[in-house]
Amino acid sequence: MLAEIKGLNEECGIFGIWGHEEAAQVTYYGLHSLQHRGQEGAGIVVSDGETLKGHKGLGLVTEVFSDGQLQQLNGAAAIGHVRYATAGGGGYENVQPLLFRSQSGSIALAHNGNLVNAAELKLRLEQQGSIFQTTSDTEVFAHLIRRSMAPTLKEQIKVALNYLEGAFAFLLLTETEMYIALDPQGFRPLSIGRLGNAYVVASETCAFDVVGAVYEREVEPGELIIINKHGIYAERYAEKRPRSICSMEYIYFARPDSNVDGINVHTARKNLGKRLALEAPVDADVVTGVPDSSISVAIGYAEVTGIPYELGLIKNRYVGRTFIQPSQALREQGVKMKLSPVRGVVAGKRVVMVDDSIVRGTTSRRIVNMLREAGAKEVHVRISSPPITHPCFYGIDTPTKEELIASAHSVEEMRQMIGADSLAFLSHEGLLEAIGRSANGSLFRGQCMACFTGEYPTNTCSQLLEQTVKQ
Ligand code: SF4
């Protein structure tokens with residue numbers, strides 16, 4: 001479904017390059033391909049080997065760099081960031097990369113994810129005299145680095161990383177080095193590639209295709225990669241724990257042309273649709289997917305059931321940012337602006353409407369209504385994820401537990417609330433097996449399922465959950 005109107009948003013995308021004379025330009029194109037991961041702000045910091053220089057602003061990548069700012073960013077190394085403003089709030093000061101200058105040199109930081117112990121760490125740092133310029137938890141990491149007594153920057157970074165809990169994919173740039181780190185459970189995707197002699201790193205591999213880079217490998221959970229004039233080195237700062245890559249990356253967030261942890265997203269979604277067809281078949285005349293994420297799923301569902309796939313809903317691609325607003329009223333208004341039913345496809349038909357998730361239920365109800373108004377005889381809703389019953393604390397902006405419709409309602413109650421003729425969700429096993437991470441077989445490589453199960457892979461989350469319920 002459409003991220004900006006559903007109320008379930010990715011919080012960031014990061015891109016970096018080392019050893020390219022047009023580093024800022026390449027980063028611009030890389031960020032542009034990651035725009036779906038955050039539309040509220042963007043920024044790039046470059047190093048020319050002696051100084052760091054950056055530009056950032058609120059808005060889309062094309063808006064932030066619309067006035068010749070890229071031409072001012074000269075240097076062979078760059079990191080960039082696209083942001084969705086929730087963790088720490090919006091505002092210019094929270095747009096990344098964050099740039100910190102000191103006597104001993106500068107560091108720029110770009111972060112995708114969310115630290116579950118940021119508030120606790122911040123309190124301790126403030127008690128020790130730290131003053132924070134932003135409300136972003138990313139700044140906590142910079143203070144931890146600066147407060148470390150370790151002899152080298154690399155060791156300081158390792159010490160700081162070991163204080164962090166939660167989901168983080170970090171890019172850190174100094175005048176002479178780039179550091180790349182992924183949390184020990186690998187919640188967020190992060191890949192490395194080559195562009196000629198240059199190294200590139202990105203949240204999603206679609207960015208490599210856009211800039212013409214070749215994929216090399218995933219960054220391993222608990223790994224710290226250092227790139228400087230001598231080459232590229234990989235070290236560990238923490239023991240690898242069982243991987244907890246976010247299920248939602250496959251279901252909903254990542255672009256279908258990306259590979260996440262080696263698994264192609266379109267193929268994973270098609271397999272979700274095939275599995276959904278086996279678990280929840282229905283007599284119908286057409287299958288349609290809610291664009292963009294559910295089209296691949298609908299194709300898989302149609303393939304197994306033999307019901308023809310049709311384009312029953314189309315997306316209006318020219319609705320501006322006015323409708324990318326984190327308010328529920330605008331999100332609901334946005335459904336009508338963003339989606340249109342194709343009357344000729346659905347009128348008089350029994351329609352299977354495939355979507356990736358149900359969050360509050362309001363968006364699903366509006367789409368079901370829209371299809372009925374366009375003449376659909378029956379609307380059967382099939383969801384390519386299990387019910388979302390718990391909030392995420394790892395960098396996905398979800399509503400509180402109370403606002404999640406599935407946290408307090410049965411499938412039958414939800415069916416009535418959204419006005420569908422039938423409703424079915426994918427099972428937990430179905431999700432893992434379809435993506436290729438079977439819970440029972442040797443394929444299992446670890447996937448976070450916390451928003452479907454309430455079993456959080458890190459400690460602090462049960463306290464955070466209590467806080468969100470009380471608020
Ligand atoms: S809780 Fe859900 S959205 Fe958050 S990381 Fe885990 S699977 Fe992804």
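**Entry 1**

I began with Pro 97, which lies in the loop between β5 and β6 (98-100); helices (H or I, at least four residues) and strands (E, at least two) are DSSP runs, numbered from the N terminus. A cis peptide bond joins Gln 96 and Pro 97, with omega about 0°.

Before going on, I noted the terms of the work: this is a predicted model, in which local features need pLDDT of at least 70 and side-chain atom pairs count only at pLDDT 80 or more, while totals for chains, interfaces and linings use all residues. Residues are numbered from 1 along each chain as its sequence is written, and side-chain values use heavy atoms, with hydrogens and water left out.

I then looked up a cis peptide bond between Pro 291 and Asp 292, again with omega about 0°; Asp 292 lies in the loop between β18 (286-289) and α10 (293-305). I also checked Asp 261, which has a positive phi of about 50° although it is not a glycine. Asp 261 belongs to the loop between β16 (259-260) and β17 (263-264), and its relative accessible area of 11% makes it buried, where buried means under 20% relative accessible area, exposed over 50% and partly exposed in between (1.4 Å probe, protein chains only).

**Entry 1: the chain as a whole**

I looked up the overall counts next: the protein chain has 17 helices and 25 strands, and 60% of its 471 residues count as buried. Among contacts (heavy atoms within 4.5 Å) between residues at least 6 apart in sequence, 69% join residues at least 24 apart.

I asked how much of helix α2 (residues 23-33) is buried. The count is 8 of its 11 residues, so the helix is largely enclosed by the rest of the structure. The buried residues of α2 are Ala 23, Ala 24, Val 26, Thr 27, Tyr 28, Gly 30, Leu 31 and Ser 33. I traced their packing partners and found β2 (12-18), β3 (41-47), α3 (61-64), β5 (77-83), β10 (191-195) and α7 (206-211).

In β5 I picked out Ile 79, which counts as buried at 0% relative accessibility. Ile 79 and Leu 173 are 94 residues apart along the chain, yet their C-alpha atoms are separated by 6.9 Å.

**Entry 2: Cys 12**

In strand β2 I looked up Cys 12, which the UniProt annotation "active site" covers in an unreviewed entry; UniProt positions are given in the numbering used here, feature names are shortened, and annotations may be inferred rather than shown by experiment. Cys 12 counts as buried at 3% relative accessibility. Leaving aside residues up to four places away in sequence, I listed Arg 37, His 81, Val 82, Arg 83, His 111 and Asn 112 as the residues that Cys 12 touches.

**Entry 3: the ligand and its cysteines**

Where does the ligand sit? I found it in the largest cavity, a cavity being a set of points, on a 1 Å grid over the protein atoms alone, where a 1.4 Å probe fits but cannot get out; a molecule sits in one if more than half of its atoms lie within 2 Å of its grid points.

The UniProt annotation "binding site", from an unreviewed entry, covers Cys 246, Cys 392, Cys 448 and Cys 451. These span 206 residues in sequence, yet no two of their C-alpha atoms are more than 10.1 Å apart, so they gather at one spot. From this set, Cys 246, Cys 392, Cys 448 and Cys 451 are taken in by the lining of the largest cavity, lining residues having an atom within 4 Å of a point.

I then compared notes on two of these cysteines. Cys 246 is found in strand β15 (residues 245-246) and counts as buried at 8% relative accessibility; not counting residues up to four places away in sequence, Cys 246 touches Phe 187, Arg 188, Ile 396 and Cys 448.

Conventions. 1 Å grid on protein atoms, 1.4 Å probe; cavity = no way out; pocket = protein on both sides within 12 Å on 5 of 7 lines; lining within 4 Å.
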